[in-house]
Structure formats: structure tokens, C-alpha cells
Amino acid sequence: MNPGANSDGGWDRPAALAIPKAGYFKFEQGRYGPIFPKTPANYGFTIIARVKPGTQEIIREHGKIIEKLLLDDPSAFASLKLHYLRWVLFEIGSESYFMYQGVFDTDFDKYTEDAVMLFRKHGIDTVFENLEGFPADWKTNVPAFIKFVREHQHPSFLEYGEYPYVSADEVKKALRVKSALAGMLDQMQ
């Protein structure tokens, strides 16, 4: 268990984890670089990269592509085991930057490999194509995609979980149980 984790591992007590500057406690080699630890918020990353000039509206439109994909196929990203994503465009001086924050239940490299596979499967491009330095051959060169993501990853130094170390599937299961119980109680009245 990670330092700072609940001693009993329970989900019913909030937990926070202070993370070293490197983004991990002990170096362990993964497929493409260091393995980042699971935190009370689960796995995740924050990618920050400079936007190619003139592509801000393309990036915003890409959000609509993802929205439509999930309206048409709610399970499109199921294999990513996502809790949430957050995309932000912001300015520093006269330059635009893109921030991609994601929290998910798989490790960093698997998430990225699965994302490339899903983009190919659904015939969509990645928003990252609008970022400076992103590899043009990303669809056939997964290591180059992951290299870009790792180079632009900014590890957090604190992560908090109100229900620590709980997977997205566990949250959904609990909500299904809650809904079923509420339905039963409504039937009894």
C-alpha cells in the first residue's frame, strides 16, 4: 500500500497522499518509463502542452466529437476505466496551452495504449494532434505517443480521495445497488 493510505484500506475514510517531485516513491521500470503509484484518487495524469497557433477552436470542436461519440455509444471508452477527464485551454503571455487531466483505474501506460486503440477503433483523431511536438505517426507508433504524453506529464504532489482507492466499476456497482434498494423501498410503500 502507498504511504499515506488508510491503515485499514477502507473506502469510508478520506485519504490524502503527498507524492515526491519525481511522481513516484520508488523507481520501478514500466513498459515505457517509471510506474506511477496508485493514489487515493486512483491513477491519473496531467498533460500540459503548448497549442499549435490557430488550433484553439479545433481543440474546442474536438470536445464535441467526444461528446457525440459517447452519446452514440456510452461504452465507447469503457476499457479506459475513467473516473473523469478535464480539458482546459489557457494562455500564458501570448501563447495558448492545453491541459488534459484524467483519473482512471489502469496504469499510465495501459491507459495510453488503450486510448490509441480506441481512437483507431472509432475512427477519430486525438486532440493531441493540435499540440506542438506531437508525433504525426501516433496511430502506428504507440511508443512515440506515450513518449509525448510522458514528456508533458506534470505529476501532482498531493492527491485526495473522499472514497479512496475505489474503482469506477465499484462506484457504478454501489450506485446500481442504491438504485435497486430505492426501487424496492418505493414498491413497499
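This is a predicted model: local features need pLDDT of at least 70, side-chain atom pairs count only at pLDDT 80 or more; totals for chains, interfaces and linings use all residues.
A residue counts as buried here when its relative accessible area is under 20%.

Start with the big picture. The chain holds four helices and five strands, and reading along the sequence gives the order β-β-α-β-β-α-α-β-α. Its C-alpha trace spans about 60 × 40 × 35 Å along the principal axes. Of the 189 residues, 39% are buried.

Eight of its ten residues fall under the 20% mark and are buried, so E4 is largely enclosed by the rest of the structure. Two other strands pair with E4. E3 and E4 form a hairpin with two residues between the strands, where glycine 93 takes a positive phi near 65°. As a general point about strands, the side chains of a regular one alternate between the two faces of the sheet.

Helix H2 covers residues 108-122, which makes 15 residues. From first C-alpha to last it reaches 21 Å, close to the 21 Å expected at 1.5 Å a residue. Its buried residues are Phe108, Asp109, Tyr111, Thr112, Asp114, Ala115, Val116, Leu118 and Phe119. In an α-helix there are 3.6 residues a turn, so residues three or four places apart point the same way. What do the buried residues of H2 pack against? The partners are E2, E3 and E4 among the strands, plus the helices H1 and H3 (142-151).

Now for the empty space. Rolling a probe the size of a water molecule over the atoms shows where such space is left. The largest pocket holds about 370 Å³. It is lined by 22 residues, and Gly44, Phe45, Thr46, Ser156 and Glu159 are the closest to its centre. Sorted by class, the lining of the largest pocket has eleven nonpolar residues, ten polar ones and one charged.

The second largest pocket holds about 200 Å³. Its lining is made up of Ile66, Leu70, Pro74, Ser75, Phe77, Ala78, Lys81, Leu82, Leu85, Ala168, Asp169 and Lys172. H4 gives the most, with three residues. By class, the lining of the second largest pocket comes to eight nonpolar, one polar and three charged residues.

Lysine 38 lies in the loop between strand E1 (15-18) and E2. Is lysine 38 buried, partly exposed or exposed? Its relative accessibility is 28%, so lysine 38 counts as partly exposed. Lysine 38 and valine 166 are 128 residues apart along the chain, while their C-alpha atoms are separated by 11 Å.

Definitions and conventions:
Residues are numbered from 1 along each chain as its sequence is written. Side-chain values use heavy atoms; hydrogens and water are left out. On a 1 Å grid over the protein atoms alone, a cavity is a set of points where a 1.4 Å probe fits but cannot get out, and a pocket is an open set with protein on both sides within 12 Å along at least five of seven lines; lining residues have an atom within 4 Å of a point. Grid points are joined across faces, edges and corners, and a volume is the space filled by probe spheres set on the points. Ala, Val, Leu, Ile, Met, Phe, Trp, Tyr, Cys and Pro count as nonpolar, Asp, Glu, Lys and Arg as charged, and the others, Gly among them, as polar. Buried means under 20% relative accessible area, exposed over 50%, partly exposed in between (1.4 Å probe, protein chains only). Two strands pair if DSSP finds at least two bridges between them. The expected span of a helix is 1.5 Å times one less than its number of residues. Contact means heavy atoms within 4.5 Å.
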